[in-house]
Amino acid sequence: MKNLSLIAYNTAAYFFILLFFYASISKILDFENFQVQIGQSPLLSAYAGIISYSVIIIELLIVVCLCFPSSRLLGLYASTALMSAFTVYIYLILNYSDFVPCSCGGILEKLGWKEHLIFNAVCVVAGISAVLWYQPEKRLRIRSAGILTGSCITAVGAVILLFISSEYIIKKENNFTRRFLPNIILEPELISSVEKDSYFAGINKDVIYIGYRKTPLFFSSINLKTHSVSKYRIYPDLEKYSFRNLRIAVHGSFYYLFDGTVPIIYRGKISQSKPDVISYGNGYFSQLAVLDSTQFALRTQSSKTHAFTLAKLDLRQKPILTLYPEVLEQQLDGIFDLDGQLVVNRGFPGGTIYAYSYRNQFIAINDQFRIILYQQTIDQNKKADIQTIRLSNGDHKMKAPTVKVNAGVAAFKNCVFIVSELRGRYEPVTIHRNRKTIDVYNTLLKEYVGSFYIPEKTISDVLVTNDRILVLSDDAITQHQFRKPFD
């Protein structure tokens with residue numbers, strides 16, 4: 001019996017030597033990929049840096065302990081505790097994480113998560129059995145059982161604490177570690193080819209509308225199901241005005257024509273080629289979002305400070321134009337530091353989103369400008385990193401080029417989708433270079449949800465519904481269906 005217990009004891013030690021030595025060496029040889037895998041873990045993303053090094057060091061130390069008879073028992077204690085931690089880690093992934101990632105690599109890369117869980121549990125049982133069977137006396141077995149229990153509880157507790165802490169950091173205080181949502185979108189579908197310098201003018205159920213910067217008095221509709229295209233030409237009265245940048249927005253069954261350098265807004269039914277003037281002389285603006293047929297959110301400039309300011313134009317009230325100078329938070333010149341994109345939240349009637357271009361923040365606003373939510377994006381650019389110069393005529397110019405933080409934005413209900421230009425921690429340069437990253441945020445919970453890649457190298461505009469994201473890239477419109485609708 002004693003010989004059998006010694007054989008089992010040594011066999012368990014040799015098995016763990018092989019397991020941990022192979023695991024640690026494979027991690028070292030492909031360390032960048034291992035660190036990326038930890039960074040994408042649904043449980044430990046926030047601690048990918050320290051955990052990636054710690055796991056390798058612990059595994060190698062266990063191997064050293066198991067190689068020498070004098071420290072072999074200590075090595076078996078540590079092996080059993082570590083495998084207990086791995087077992088609980090997989091259990092948490094399967095039952096409590098937001099998603100289940102791809103299976104681990106290494107010696108067990110062919111196993112799924114459930115098979116991996118069973119394997120780890122068997123290893124824990126083997127380690128406990130070998131240690132307890134090896135002890136010749138009851139007193140020593142009780143002592144070993146206590147050590148095993150304490151070490152396993154400590155290891156498991158550490159994993160649970162790391163999980164809880166990591167979840168809070170990633171969702172609330174993210175250190176720019178992206179959590180990629182696996183298989184969130186289906187294969188891309190080409191909807192239509194379009195002219196360059198096009199933009200999304202709106203959407204109504206399964207029909208999207210496209211505007212053209214070079215030919216601003218034309219717009220098109222594309223049916224997402226049949227891919228049929230209809231083209232429209234409008235004839236507004238333009239003789240009195242000198243427009244610089246006419247744009248079209250479609251909301252419901254109406255289209256709206258506007259520039260902003262001229263304080264005028266036209267409205268017409270989509271089937272109507274001659275629009276009517278519904279607003280004139282009520283204010284200049286640089287961006288407009290249609291809330292309904294008589295209400296608009298604007299980005300304008302304050303006559304007092306000359307800084308960008310959000311405003312609401314309501315044709316049913318007096319005064320028609322109301323400024324909200326407190327919404328945008330000035331850091332530098334009030335122009336470039338406040339630059340951003342104003343879009344309609346298509347899931348909330350009258351709701352809008354303003355995403356700053358050069359800092360990690362967006363603002364969610366309701367139709368009355370009463371509920372204003374400020375939410376951070378996950379990158380670290382809290383202050384706009386730009387240099388500007390004021391010319392003698394009073395104009396502001398950018399002194400040095402800078403990288404946009406938020407290159408595009410779309411929203412549906414509680415979800416905001418940000419097109420990010422920045423590479424996060426543990427993201428391979430080669431992967432990030434050939435595709436774009438979409439970061440998703442929940443405004444109701446005020447937290448980061450996750451990210452996904454789309455294969456387009458360039459994006460000029462995005463549009464989101466509850467079940468798809470539409471991307472306008474150069475001269476083509478691509479549709480990416482979500483596997484699971486966003487609420």
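**Close-up 1. Y354 and Y356 are buried (under 20% relative accessible area, with exposed over 50% and partly exposed in between; 1.4 Å probe, protein chains only).** This is a predicted model, in which local features need pLDDT of at least 70, side-chain atom pairs count only at pLDDT 80 or more, and totals for chains, interfaces and linings use all residues. Residues are numbered from 1 along each chain as its sequence is written, and side-chain values use heavy atoms, with hydrogens and water left out.

**Close-up 2. F219 and Y232 form an aromatic pair.** Rings of Phe, Tyr and Trp (its six-membered ring) pair if their centres lie within 6.5 Å; planes under 30 degrees apart are stacked, over 60 edge-to-face, and the rest tilted. The count by this rule is 19 aromatic pairs. The ring centres of F219 and Y232 are 4.8 Å apart and the planes are at 15°, so this pair is stacked. It links distant parts of the chain, 13 residues apart: F219 lies in strand β4 (residues 218-223) and Y232 in strand β5 (residues 229-233). Strands (E, at least two residues) and helices (H or I, at least four) are DSSP runs, numbered from the N terminus. F219 is buried at 1% relative accessible area. Y232 is partly exposed at 23%. For Y354 and Y356, the centres are 5.7 Å apart and the planes at 90°, so that pair is edge-to-face.

**Close-up 3. Arginine charges sit over two rings, Y199 and F308.** The criterion is NZ of Lys or CZ of Arg within 6 Å of the ring centre and within 35 degrees of the ring normal. The charged end of R247 is 3.9 Å from the centre of the Y199 ring. That of R299 is 3.8 Å from the centre of the F308 ring.

**Close-up 4. An open, antiparallel sheet has four strands in the order β20-β21-β22-β23.** Strands pair if DSSP finds at least two bridges between them. β20 (406-412) and β23 (447-454) are at the edges with a single partner strand each, so one side of each has no neighbour in the sheet. Six bridges join β20 to β21 (residues 415-420). A411 has V416 in β21 as its bridge partner.

Close-up 5. Most residues other than glycine have a negative phi, and most peptide bonds are trans. The K318 to P319 bond is cis, with omega near -5°. N183 has a positive phi, near 55°. N183 is exposed, at 57% relative accessibility.
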